[in-house]
Amino acid sequence: MGQLQDKVCIVTGAAGSIGAETARLMLAEGGKVMLVDKSEDGLARLAAGLPADRIATSVADVAKTEQVKAFVDATVAKWGAIDVLFSNAGNDGPLIPTVDYPEDVFDQIIATHVRGCFLVCKYTLPKMTDGGSVVITSSITGVKGVAGNCSYVAAKHALVGLMRCLAKEMASRGIRVNTVNPGPIDNEFMRTAERSMSKMLGRDAGAMFDQIIPLGRHGRVEEVARAVLFLASDQSSYTTGSTLMVDGALCA
């Protein structure tokens, strides 16, 4: 029997590498998964390789209330009360000093990460089983600053604050709320950021990270997925209000 046997799960940002790998692991551990993403094509590609009887898909923008309500209601209609929420939807912006940072880009980053997570939690939690689990994707930038990345850093810090608030509010129902905080991960999202960072720094940002990460390498998406599984499963039954760092000791 899997660690999430017959558990009903929602994964936002499911078409991205971390979301997709986590969804696959949840399914391998017996879960039923609602896959949510803004990318219809990305969802279709992901769903094509997964067991059709244990998945559903929803094209949605987590920053829009009615779209969030729709996929939460669809999940409950299909399988019943929700056991696990992995709030993982995110986006990133350019590396630009704060005084020059575009206001519209700042708003977009905050809307997706912070408003999006707020809405998904707001409408999922009333339909979550007591003893359930919420896992929110933050980042090492949720615990430290990065020059030129004010919107993303602010958003990821805000997610840690939201998590801590929810952990206190949900404790009486036995619902655990935690963040997973990845460091540099070997995926396209990180490589795109590193290309921008390399131009700003005048050196190879990817190689720089490998030099300063104590474990000497980028993380792998499956390592993040396993951390999420731990927080989602009963293996973390006394863990709530925590930031689980998956960063090779970069922030230690």
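Modeller: A residue is called buried when its relative accessible area is under 20%, exposed when it is over 50%, and partly exposed in between, with a 1.4 Å probe and protein chains only. This is a predicted model, in which local features need pLDDT of at least 70 and side-chain atom pairs count only at pLDDT 80 or more, while totals for chains, interfaces and linings use all residues. Residues are numbered from 1 along each chain as its sequence is written, and side-chain values use heavy atoms, with hydrogens and water left out.

Two strands count as paired if DSSP finds at least two bridges between them. Strand β5 (residues 128–137) runs parallel to β6 and is joined to it by five bridges, and here V135 stands opposite N178. Strand β7 (residues 243–246) also pairs with β6 in the parallel sense, over four bridges, with T179 standing opposite T243.

Turning to the charged side chains, a salt bridge is a side-chain nitrogen of Lys or Arg within 4 Å of a carboxyl oxygen of Asp or Glu, and by this rule there are nine salt bridges. One of them joins R173 and D130, at 2.8 Å from N to O. Because R173 lies in the loop between α5 (150–170) and β6, and D130 in strand β5, this pair ties together parts that are 43 residues apart in sequence. R173 is partly exposed at 25% relative accessibility, whereas D130 is exposed at 57%.

Another salt bridge links D73 with K127, whose closest N and O atoms are 2.4 Å apart. D73 belongs to helix α3 (residues 65–79) and K127 to the loop between α4 (103–124) and β5, so parts 54 residues apart in sequence are tied together. D73 is partly exposed, with a relative accessible area of 37%, and K127 is partly exposed at 33%.

Definitions and conventions
Helices (H or I, at least four residues) and strands (E, at least two) are DSSP runs, numbered from the N terminus.
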